[in-house]
Amino acid sequence: MTPTTFDFVGQAHNDGLDYVFDNTFSKNPNSKFKDIKDASVKYVFEVNDNTKASKDDRNQFETTAFKDLIRKATKAKSLDLTENNINKTITKNQADFNRRLNNELTNTKNTYEVIVANITELEKSAIKEFGEDEIIYALCLSSVAKHSIEYWNTAKGEKWFKHFNKPFKPIGSTNSNNLAANRASIDWHNVAVADVLGFGAGFPSGVTVGMVAGVLTAGVATGGAAAGIGAVLGGLVGGSATGLAGAVTASAATLAAEVVVSWFS
């Protein structure tokens with residue numbers, strides 16, 4: 001297991017954001033929360049190869065509880081899942097990892113490349129120190145974080161800013177350190193935090209290495225569709241698809257919420 005083992009989770013998150021953008025705001029500048037949510041769910045359950053076989057209940061995204069989750073994520077200033085009343089089942093190690101991840105994500109002085117490198121070092125330490133019932137959650141969470149921070153600080157994310165006629169100021173660039181005070185800009189820190197909270201709320205914190213390895217081995221032995229770790233996590237481990245849909249929805253909703261009036265109507 002390495003910091004790149006679960007890269008497919010973050011990559012799927014970024015692909016999901018592209019799908020949402022292409023199917024909402026690029027077609028209808030007045031898209032609302034429901035439009036983003038519907039596009040996110042469609043991507044996860046119908047488009048993404050790793051999650052479209054999931055048995056997760058997609059009807060949960062129609063509930064008031066899910067909308068409330070996204071409200072919490074869009075307003076959150078940190079990755080403290082317990083503090084935000086989003087996930088109280090994580091272990092002490094996982095909570096500590098989240099706090100350290102939060103410190104990196106919200107550091108306005110580093111470039112995104114430095115932030116990603118620092119998160120990778122956190123992952124290496126976690127691989128050595130965490131138990132098998134803790135590490136997968138941590139690495140999947142940080143995969144979303146790394147890819148999110150890259151997305152919103154490169155050309156991928158720039159198209160959203162241009163669409164909303166907002167200045168694109170990657171982290172670490174001139175005058176980017178006081179975005180919260182500059183109402184002409186979008187505070188991408190909030191977007192990255194919402195990404196990870198949305199994922200962490202749905203993805204099961206107790207997924208073990210043994211659970212994934214067992215299904216993976218069975219798939220390899222039978223030559224079945226489960227012979228890839230992405231398919232194992234996305235389609236067979238309950239909650240994986242839910243977490244991804246939550247992350248994509250929270251990410252897009254948070255960015256748009258800063259410029260769209262009556263966003264949750």
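# Chat about a predicted helical model

Modeller: Let's start with Asp18: leaving out residues up to four places away in sequence, Asp18 touches Tyr151, Lys156 and Lys159. Keep in mind that this is a predicted model.

Biologist: Where does Asp18 lie?

Modeller: Asp18 is part of helix α1, which covers residues 7-23.

Biologist: Is Asp18 buried or exposed?

Modeller: Asp18 is buried, because its relative accessible area is 12% and the cut-off for buried is under 20%.

Biologist: You mentioned Lys159. What ring does Lys159 lie over?

Modeller: Lys159 sits over the face of Phe21, 5.6 Å from the ring centre.

Biologist: And which residues are in a cluster with Phe21 through ring pairs?

Modeller: Phe21 is linked with Phe25, Tyr151, Trp152 and Trp160. Tyr151 is also one of the residues that Asp18 touches.

Biologist: How many aromatic pairs does the structure hold?

Modeller: There are eight aromatic pairs in the structure. In one of them, Phe6 and Phe8 have ring centres 6.1 Å apart and planes at 50 degrees, so this pair counts as tilted.

Biologist: Why tilted, with planes at 50 degrees?

Modeller: Planes under 30 degrees apart count as stacked and over 60 as edge-to-face, so the rest are tilted. The planes of Phe6 and Phe8 are at 50 degrees, so they belong to the rest.

Biologist: Are Phe6 and Phe8 buried or exposed?

Modeller: Both are buried.

Biologist: Back to α1. What about His13, buried or exposed?

Modeller: His13, which also lies in helix α1, is buried, with a relative accessible area of 0%. The C-alpha atom of His13 is 9.8 Å from that of Thr249, and these two residues are 236 residues apart along the chain.

Biologist: Thr249, noted. Which residues does Lys37 touch?

Modeller: Lys37 touches Thr249, along with Phe61, Glu62 and Phe66, again not counting residues up to four places away in sequence. Lys37 is in helix α2 and counts as buried at 3% relative accessibility.

Biologist: What share of contacts in the protein join residues at least 24 apart?

Modeller: Among contacts between residues at least 6 apart in sequence, the share is 73%.

Biologist: New topic. Where is Thr51?

Modeller: Thr51 is in the loop between α2 (33-47) and α3 (64-75). Thr51 is buried, at 4% relative accessible area.

Biologist: What does the side chain of Thr51 reach?

Modeller: It reaches the backbone oxygen of Val44 at 2.6 Å. The Thr51 side chain also makes a polar contact with the side chain of Asn48, at 2.9 Å.

Biologist: How many helices and strands does the protein have?

Modeller: The protein has 11 helices and zero strands. Of its 265 residues, 53% are buried.

Biologist: How do the axes of α5 and α6 cross?

Modeller: The axes of α5 (residues 112-129) and α6 (residues 135-151) cross at roughly 175 degrees and come within 10 Å. The two helices are therefore roughly antiparallel to each other, since the cut-off for that label is over 145 degrees.

Biologist: Which residues make the contact?

Modeller: On α5 they include Tyr112, Ile115, Ile119 and Glu123. On α6 they include Ile135, Leu139, Ser142 and Lys146.

How values were computed: Residues numbered from 1 in each chain as written. Predicted model: local features only at pLDDT ≥ 70, side-chain atom pairs only at ≥ 80, totals over all residues. Heavy atoms only, no water. Phe/Tyr/Trp six-rings, centres within 6.5 Å; stacked < 30°, edge-to-face > 60°. Buried < 20%, exposed > 50% of the residue type's maximum accessible area, 1.4 Å probe, protein only. Lys NZ or Arg CZ within 6 Å of the ring centre and 35° of its normal. Helix = DSSP H or I, 4+ residues; strand = E, 2+ residues; numbered from the N terminus. Polar contact = N/O pair within 3.5 Å; in protein donor to acceptor, adjacent residues only side chain to side chain. Contact = heavy atoms within 4.5 Å. Axes fitted to C-alpha atoms, helices over the stretch in contact; angles between N-to-C directions. Parallel < 35°, antiparallel > 145°, perpendicular 65-115°, else oblique.
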